[in-house]
Amino acid sequence: MEEIGIGQAQEEVDKLLEKSEANSQPKILIERSVFSQKHFDESYEAVSHPSPTLKEVVHKKLSKCVCSGSCLKKFLFGMFPFINIMKDYSVKEDLPSDIVSGLTVGIMHIPQGMAYGMLTTLPPVYGLYMSFFPVLVYFFFGSSKHISMGTFAVACLMIGSAVSKGMDTVSIPHSTAGLVTVAGNQTGNQTNLTASAADDTSTMSREEVDLRLQFAMSVTFLVGVIQLLMGVLRLGFITVYLSDPLISGFTTGAACHVFTSQIKHVFGVQTARYSGVFKLVYTYRDFFSNIDTANYVTILLSIVCITILYCTSRFINQNPKLKPRMFMPVPIELIVVVLGTVISYAIKLEENHGVVVVSDIPTGLPEPNLKALRRIPDVISDAIALAIVIFAISISMGKLLAKKHDYEVDANQELVAYGLSTVVSSFFSSAAPSASLSRSLVQERVGGRTQVAGLVSCCLLLVVLLAIGPYFRTLPNCVMASTVIVALDGLFAQVFTVPDLWYNRRPDFCVLASIIIVALRGMFLQVLDLKKLWHVSLIDFFVWIVAFLATVLLDVDLGLGAAVIFNIVTVVVRSQRPYGCVLGQMPGTDLYRDMHIYQEAKEIPGIRIFRFEHSLFFVNTEHFKTLLFKKTANPRKLKIAQRKRMTEKEKLKDKKQDESIIIDRQDSTNEAAQVQLQSKSGEVKVMVVADSKPKCPQEVDFHTIILDCSPWSFVDSMGVKVLAAVICEYKSVGINVILANCKGGIRDMFEKTKFYDTVDHSNIYVSVHDAVLHALHIESPDFTDQVEDFQNGLCKEKRKASKVDFTLAEDSDEENA
């Protein structure tokens with residue numbers, strides 16, 4: 001029997017294949033009943049899941065807190081990801097690669113740490129601390145194997161901005177009385193500024209350095225606490241509000257601030273230090289006003305450094321032909337630093353030409369201190385912005401490299417790692433660290449396998465801090481500034497065309513400034529994203545523009561806040577005004593698509609199918625009503641038109657008492673029947689003549705609206721209220737509204753809000769096609785003969801109206817109009 005059944009099934013399959021080949025296109029025939037949602041749930045025993053009570057939720061959570069060996073092991077492995085990493089670590093295969101990678105990144109840490117330390121407005125040695133302590137702590141708690149923690153231009157700039165604003169609120173110690181402090185009203189708000197000599201870290205008094213350190217460590221400590229709390233509370237999702245265009249525009253705008261902070265060192269021009277709105281505008285005003293004071297020694301040294309750095313980085317390290325053959329990138333920054341230090345020492349730039357150098361770098365590690373707790377109330381807003389920016393940049397880099405090497409990075413664990421690294425670092429005079437884009441890519445490219453490479457770089461930094469540091473005493477700061485300028489890739493090359501710069505003045509910071517400027521090249525190249533964004537999304541394009549302009553004009557922290565607000569506004573606007581469309585049936589199918597996009601989609605006579613492409617909640621309820629009325633009909637206008645028509649018919653009835661007048665009972669009810677009034681001998685007789693189908697209101701060509709609810713993921717109480725009101729309005733003018741594709745959560749909300757008091761369960765269908773079949777069946781009761789065709793999606797444009805007579809009221813003398 002089983003074999004016979006298989007044989008018969010095979011024959012049926014062969015027949016179907018023959019039919020498919022004959023028709024050139026395979027067809028699927030599905031025969032089933034038309035399902036309303038209520039009928040479907042009853043047929044297939046839908047299970048309801050009541051909302052848990054608070055007691056049940058608490059009990060469920062507490063039941064998971066079971067102390068056991070496996071639970072403790074899981075907690076330790078989650079808290080210390082390095083344990084899992086080291087379990088599979090191969091000394092023979094992984095250690096050599098990590099050593100090479102660590103030494104390479106450690107070599108990069110030395111010049112970048114000293115250069116970016118300047119951006120924090122602290123002496124360069126504090127940048128070396130940032131390259132040591134955070135890397136060491138991150139090894140134990142971080143889940144990324146490849147990112148390089150330490151100094152990063154944007155983070156250091158934001159720290160420096162917080163320090164500068166804090167310094168403007170306190171009095172300068174008497175030992176630095178030579179530094180002029182001026183208060184001005186430049187932007188409508190009180191804007192404080194000091195002479196740029198205050199940025200010369202080599203001339204700072206010990207008291208001023210301690211004061212700056214208090215602000216820097218306070219903001220660092222608070223950043224760590226915020227990140228740690230975000231990790232414990234599992235708030236890693238918060239970065240979804242920082243879209244890629246926003247981050248790109250913000251970092252490009254921040255690069256402008258970094259460039260501005262270094263360009264004066266490259267030229268040796270004194271400018272005042274501003275903070276707040278239009279900071280860059282006033283800085284460049286001072287820069288060009290004092291351009292005649294530029295020093296030729298500083299300019300020559302900066303040009304040489306920039307040329308060497310740019311040519312090596314562009315034509316050797318990034319050369320696609322040389323890159324695969326190189327064991328490691330040429331450490332050109334370190335070479336420039338060493339050469340600048342040797343040349344400065346040999347020709348005595350400091351004594352003979354007044355070149356400001358790095359000066360004394362203390363040996364040893366800093367002692368733990370509690371300076372991080374002294375200025376916390378003054379830096380809260382800066383810390384919040386800095387914590388989010390550091391996390392967004394670092395986790396983006398970590399996920400990028402993790403995807404490339406096929407492993408996972410836990411965003412919440414990364415927050416814990418960043419927070420602990422930052423908190424610990426704040427007690428050792430190390431400012432808030434961040435993942436570096438350039439160092440992370442180099443660490444991965446030269447073969448780094450794990451964070452053991454970070455330990456190797458820490459060993460190299462430890463040697464510098466304990467022994468080699470003092471040898472960099474004669475390094476001109478302008479070398480570091482030149483390194484950053486080269487990174488601009490010629491975007492600001494016009495600055496170097498300013499004539500008449502050959503004046504024998506005091507050069508400043510040129511070596512360190514050069515290194516910083518070179519490192520900005522990648523950030524400014526993000527401008528090229530604009531062309532792509534213009535073609536992909538205008539909203540993303542404007543997010544980039546707003547983030548960039550706000551950061552440039554309003555300062556870094558204010559710019560970030562303005563960019564986030566604008567980004568959230570775009571989300572709200574898109575949620576408030578989503579797309580809505582009318583659907584038509586694709587010929588020969590049970591598929592319904594947007595008629596504006598698919599020209600072959602045909603509207604079913606008497607039925608209008610509307611889809612609202614978003615969840616229905618308080619933000620967009622008015623837009624939902626507006627779109628629905630626009631795409632179908634406004635029931636309020638229909639009611640006015642019907643009343644007007646009724647009034648005209650009443651007037652006509654008064655004039656012609658002896659004539660038969662036909663009026664629609666739809667004017668007052670939802671029944672599709674005609675009432676014939678006859679007046680004879682002062683007596684009025686009423687006969688109701690039934691029509692064969694629901695009659696459309698005279699003002700429109702449809703009698704049923706189907707709402708496709710498939711895009712709705714949720715609906716709130718206000719959305720339900722508006723939906724019920726709309727259905728009642730259409731019902732009052734003789735138009736029936738049917739819902740289709742309602743998800744379980746939406747139906748639960750209907751139950752809670754007593755929506756079914758307005759709309760019966762039977763008016764909600766499992767699919768648009770079921771709703772269409774139901775509407776057509778009501779229109780034509782003998783439609784059962786055609787159900788098979790329509791269930792296969794065959795839409796007949798012309799249908800004969802069935803003539804079914806039914807009497808709602810007998811012709812009787814007892815009835816009066």
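Me: Is Y241 buried, partly exposed or exposed in this predicted model?
Reply: Residues are numbered from 1 along each chain as its sequence is written. The model is predicted, so local features need pLDDT of at least 70, side-chain atom pairs count only at pLDDT 80 or more, and totals for chains, interfaces and linings use all residues, while side-chain values use heavy atoms, without hydrogens and water. Buried means under 20% relative accessible area, exposed over 50%, and partly exposed in between (1.4 Å probe, protein chains only). Because its relative accessibility is 44%, Y241 is partly exposed.

Me: Where is Y241 found?
Reply: Helices are DSSP runs of H or I with at least four residues, numbered from the N terminus. Y241 lies in the loop between α10 (206-232) and α11 (244-267).

Me: Why does the distance between the end C-alpha atoms of helix α6 agree with its number of residues?
Reply: The expected span of a helix is 1.5 Å times one less than its number of residues. Helix α6 (residues 94-119) has 26 residues and should therefore span 38 Å. This agrees with its end C-alpha atoms, which are apart by 35 Å.

Me: At which residue does α6 bend?
Reply: The bend at a residue is the angle between axes fitted to the seven residues ending there and the seven starting there. For α6 this angle is about 30°, at G113.

Me: How many residues of α6 are buried?
Reply: Helix α6 is mostly covered. Of its 26 residues, the number buried is 21.

Me: What share of the residues of the chain count as buried?
Reply: The chain has 817 residues. The share that counts as buried is 49%.

Technical notes. Helix = DSSP H or I, 4+ residues; strand = E, 2+ residues; numbered from the N terminus.
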